[in-house]
Amino acid sequence: MQPEFKTYAQNVVTNAKAMAEGIRERTGASLAVSATGYAGPGGGTEKDPVGTVYIGIASPRACFAERFSAPAPTDATRTEIREAVILRALELLLREAEAL
């Protein structure tokens with residue numbers, strides 16, 4: 001399956017899901033994760049400011065994406081935002097693994 005990627009503004013949820021499912025299919029993994037969004041320092045929109053990331057999870061049971069806003073101060077560094085996203089992605093992966 002070749003996922004059809006759209007522009008970020010058009011359908012970021014679809015893209016996050018397609019990336020996770022593509023990883024799972026190509027590697028044969030039971031679980032896969034993807035992330036797309038604005039880790040900063042630039043970018044962001046009024047709707048999706050810096051710190052907003054969409055995390056995709058794919059498993060044999062489900063494929064979904066979650067909008068995540070890093071709970072960091074406005075002066076958070078790119079590294080701090082990425083660390084918060086990684087922690088949330090791991091929480092989602094663990095929850096999905098427990099559901100299998």
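Arginine 67 is partly exposed, with a relative accessible area of 40%; this class lies between buried, under 20% relative accessible area, and exposed, over 50% (1.4 Å probe, protein chains only). The model is a predicted one, in which local features need pLDDT of at least 70 and side-chain atom pairs count only at pLDDT 80 or more, while totals for chains, interfaces and linings use all residues. Residues are numbered from 1 along each chain as its sequence is written, and side-chain values use heavy atoms, with hydrogens and water left out.

The protein contains two helices and three strands, in the order α-β-β-β-α from the N terminus. Helices (H or I, at least four residues) and strands (E, at least two) are DSSP runs, numbered from the N terminus. Of the 100 residues, 37% are buried. Among contacts with a separation of 6 or more, 47% are between residues 24 or more positions apart, a contact being heavy atoms within 4.5 Å. The protein exposes about 6,100 Å², of which carbon and sulfur atoms supply 55%; accessible areas come from the Shrake-Rupley method with a 1.4 Å probe, and for residues only the protein chains shown count as cover.

Five salt bridges are present in the structure. A salt bridge is defined as a side-chain nitrogen of Lys or Arg within 4 Å of a carboxyl oxygen of Asp or Glu. In one of them, arginine 67 pairs with aspartate 48, and the closest N and O atoms are 3.0 Å apart. This pair links distant parts of the chain, 19 residues apart: aspartate 48 is in the loop between β1 (32-37) and β2 (52-58), and arginine 67 is in strand β3 (residues 63-69). Aspartate 48 is buried, at a relative accessible area of 5%.

Another salt bridge joins the side chains of arginine 61 and glutamate 96, at 2.7 Å from N to O. Because arginine 61 lies in the loop between β2 and β3 and glutamate 96 in helix α2 (residues 78-99), the pair ties together parts that are 35 residues apart in sequence. Glutamate 96 counts as buried, with 2% relative accessibility.

Salt bridges with shared partners join Glu66, Arg88 and Glu91 into one network. At 19% relative accessibility, glutamate 66 is counted as buried.

On the surface, Ile86, Leu87 and Leu90 form a nonpolar patch with about 300 Å² of accessible area together. Patches are made of residues with over 30% relative accessible area and no salt bridge; like charges are joined within 9 Å, and nonpolar side chains (Val, Leu, Ile, Met, Phe, Trp, Tyr) within 5 Å. Leucine 90 is found in helix α2.

Threonine 77 is placed in the loop between β3 and α2 and is partly exposed, at 39% relative accessible area. The C-alpha atom of threonine 77 is separated by 9.6 Å from that of glycine 51, 26 residues away along the chain.
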